[in-house]
Amino acid sequence: MSKKKLVIVESPTKAKTISRFLDSSYKVMACMGHIRDLPESAKDIPEKYKNKKWKNLGVNIEKNFEPIYCVPNSKSSIIKDLKKELKKSKELILATDEDREGESISWHLQFILQPKVPVKRIVFHEITKMAIESALKNYRSVDKGLVKAQEARRVLDRLVGYTLSPLLWKKITTGLSAGRVQSVAVKLISEREIERMNFIKSLFYGISAELSPKNSKENFLSILHSWKSKKLAISKDFNSKAQLINKKLLHLTEKDSKNLLKTLKKSKWLIKNIEKKPISRSPKPPFITSTLQQEAHSKLGLSPKNTMSVAQKLYEKGLITYMRTDSTHLSQEALRGIKKAVSDIYGKKELVSKTRIYKTKSKGAQEAHEAIRPAGQTFKKPETSGLTGVELKLYKLIWQRTLAVQMKNCEQEQTSLHIKAGEALFQTNGLRIVSPGFYRVYRDQEDNSKILPDLKKGQELKCLKVESKEKQTQAPARYNEASLIQKLEKEGIGRPSTYAPVISTIQDRGYVKKQGKNLAPTFTALAVTKLLSEHLPDYVNLNFTSKMEKALDDMAEGKVPYVKYLNSIYNGKKGLKEQVKQREKTIDSDKSRTLQFPSFKGINFNVGRFGAYITKKQGQKELKSSLPADTFLSDLTLEKLEEIVQIKTKKETAFGIEPKTKKKIFIKTGPFGPYLELEGGEKRTSIPKFLPLESLNLKQALKLLELPKILGLHPKTKKEIKKSIGRFGPYIVHEGDFRSAPRDESFLDLDLKSALKILAQEKRASKKNSSKKAIKEWTHNKQSIQILQGYSPYIKYKNKNYSLAKDTDIKKLDLKSVLQIIDKKADSSKKITKAKRKTTNKKTAKKQKTRTTKSRKK
């Protein structure tokens, strides 16, 4: 039997796709990502380094910043299998991704496997037959420059993170982390929140008129632009302190608007001028990593992490080019593919006359060498791609944007009407599409076209309605995931591979919480930003961090020496190590945990082990009150804070007496808002939002303390029906079937009869699942069995989900095979539960035995 050529890639999906393009002389295997990395914890550090001062860093700072690499336990069996296969092979082909991370994985594979056969490094930016064949012909050796650049990033991130984080543990609270990009992202979000808190709203008035040509039913809206040749101030003309920036503008007040309305109602409305001008809109460049993340967030509601996860699958299936890139370049092959697709679907006439060439604007573009686009020369249409769910949506987005870049401009005509009414000048803008061009396939913004009636200069108009409206300026919006990536990219901070993990990390670490789609900083984030800004400003400075990023890029090209650069950052009097050492002595822990803001005089915000709380002096006393977990700085007012303090004051005085136990009832506040507590802390229940604290009475409090309450037995099942209040509000439950209950005072009196009516109603699908269409569906024992598409296909049966193996062929699944999968998964689940019970029983028995032994000794 002749020896094969061993090809190693990162994932099974990628291996499966590549195998389709190779003959039987190749064997493709997956290494499952990095096989070596820096130690995650103290237990991973090799024994010979455990007595070193720098052991916790995992970097030998005494020997040219040499990283200490470890093989995780989970990778031992993979390495064993790869070594076994390599012994039977005549050649080793390293086919990991083409960026720094991929190059690093290949280098580590070569180091660990120690091959005695020829080694070839191949790279490709798409998994197609042509790309694989070309890569095999144009192989090279591992690029040590790229490896060193990746290693430098990893080492620098470790030095910064593992040196700053312990300082935060000591000065603020345990479990916090800092990072080269992470801390800058947290600072940006925190600064925006403080901007919002300090923002003072400006009130102003605007006037609009509904107009129509005489003897016509075509109405249109017009907005007051100026009065007595003085232009009206609008939102953008006020600063954050509620001051008018340009004093020459007219700040229309309520009184002014009322007087003006009286005048306008008597005025004659004439078209003073009509201006028409052509607008030619060009398509945006093809996707790079950051713009794909932003557009997927905006149009599909996907987080950057989910976008990258789906894009990775599309790449590994051979449907798109490599998804970690900051280059907008399109190859000749791509341009041919675009032109063919546009010609076939829309006709050659829709192609742009001169091929558009896009230049990369991103600082230090270093990743892959082409934009994200459909793979190959012939792009698969979304409807024939075989994709479903979110994979189909993302592929369609990429396909549409790619075709748009070589289509004609969208030609539009803008019409501006200037309408005179006495000394007032109104303005209306209309927009119509003359030729859609690339809009046929892709719209990068909402349709804002507005067709106006056919009008002439000097024409008299009929005023159907004229009204004034109070308006107010809006505080700057919080960052969302897309706008944060946009800001980081603009500042040259981070790279395509870092955005998604950084945004996930700052949420996982509790620095940021989602408010709708926006990112709101916690008080911990504000405290950490304050400490770093005051004591180690460089490490949250945009310019300093951007220069660091540039130096790392230059290192890949050999322009910056590895050791010299790391030494300048970490060692010396101005180095990070010495700075942290000095600051540790001078930083006051209590001050670091305390935040003060001019807007809230006399109130201190504090970060504690169990969350944020406020302190306020009341006479000789200092009151402490926990802040609910969903409280954010810019949403607070003095009134809200006073209410929180009042709840704390009431804690000292009993709200009432529980008649059965004769125990006192107290109102308290915790991380999840106000709650009732029975004396001794034996019973607690949250106070729902539909019961305002100021109007809460004892009768309502007693009904809340009954929760969770058994309403009775279901007539058919003879099982209990309960009502209670959970994280998402009031509910009733019967045999694991949870239903939402009325979110008002009537819930307190909800009885068995009402509960049975709710249970009898058809259960509404959750927002998450309501739009999901079954790929396949059967009925078994009068119950529906569905194959649904999440991030991967799964089975849904009796309100339970059962995952499917990655290589499952959905088309071949029938009812019998699906039931076998369900039975197998159910048996496995029972065995795990049984094993857990057995372990728990053993532990309990062991504890009881220990207690008995101790009591005997006594």
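Is Cys-70 buried or exposed? Cys-70 is buried, with a relative accessible area of 13%. The views below show this and other sites in a predicted model.

Figure 1. The protein chain holds 23 helices and 31 strands. Its C-alpha trace spans about 100 × 90 × 75 Å along the principal axes. Of the 858 residues in the chain, 47% are buried. Contacts between residues at least 6 apart in sequence were also examined, and 66% of them join residues at least 24 apart.

Figure 2. For Cys-70, the closest cysteine sulfur belongs to Cys-31. The two sulfurs lie 17 Å apart, too far for a bond; a disulfide would need them within 2.5 Å. Cys-70 is buried at 13% relative accessible area. Cys-410 is also buried, at 0% relative accessibility.

Figure 3. In one of them, the ring centres of Phe-600 and Phe-605 are 5.7 Å apart. Their planes meet at 65°, so the pair is edge-to-face; the cut-off for that class is over 60 degrees. Phe-600 is buried, at 4% relative accessibility. Phe-605 is buried too, with a relative accessible area of 1%.

**Figure 4. A tilted pair, Tyr-731 and Phe-738.** The ring centres of Tyr-731 and Phe-738 are 5.4 Å apart. Their planes stand at 50°, so this pair is tilted. Tyr-731 is partly exposed, with a relative accessible area of 23%. Phe-738 is partly exposed as well, at 47%.

**Figure 5. Two charged side chains over tyrosine rings.** The charged end of Lys-148 sits over the ring of Tyr-562. The distance to the ring centre is 4.2 Å. In a second case, the charged end of Arg-192 sits over the ring of Tyr-479. Here the distance to the centre is 4.3 Å.

**Figure 6. Arg-373, a buried charge in a loop.** Arg-373 lies in the loop between helix H10 (332–346) and helix H11 (389–404). Its relative accessible area is 0%, so Arg-373 counts as buried. Its side chain makes a polar contact of 3.3 Å with the side chain of Glu-126. The side chain of Arg-373 also reaches the backbone oxygen of Gly-376, at 3.2 Å. Beyond four places in sequence, the residues touched by Arg-373 include His-125, Leu-319, Thr-321, Glu-333, Phe-379 and Thr-402.

**Figure 7. Phe-523 in the largest nonpolar core.** This core has 76 residues. Leu-484, Phe-523 and Phe-605 have the most contacts inside it. Helix H5 (residues 144–171) supplies the largest share of the core, 8 residues. Leaving out residues up to four places away in sequence, Phe-523 touches Leu-595, Phe-605, Val-607, Ala-612, Leu-627, Thr-631, Phe-632, Leu-633 and Leu-636.

How values were computed
Residues are numbered from 1 along each chain as its sequence is written. This is a predicted model: local features need pLDDT of at least 70, side-chain atom pairs count only at pLDDT 80 or more; totals for chains, interfaces and linings use all residues. Side-chain values use heavy atoms; hydrogens and water are left out. Rings of Phe, Tyr and Trp (its six-membered ring) pair if their centres lie within 6.5 Å; planes under 30 degrees apart count as stacked, over 60 as edge-to-face and the rest as tilted. Buried means under 20% relative accessible area, exposed over 50%, partly exposed in between (1.4 Å probe, protein chains only). A charge sits over a ring if NZ of Lys or CZ of Arg is within 6 Å of the ring centre and within 35 degrees of the ring normal. Helices (H or I, at least four residues) and strands (E, at least two) are DSSP runs, numbered from the N terminus. A polar contact is a pair of N or O atoms within 3.5 Å; within protein, one must be able to donate a hydrogen and the other to accept it, and residues adjacent in sequence count only if both atoms are side-chain atoms. Contact means heavy atoms within 4.5 Å. A nonpolar core is a set of buried Ala, Val, Leu, Ile, Met, Phe, Trp, Tyr and Cys residues joined through side-chain atoms within 4.5 Å.
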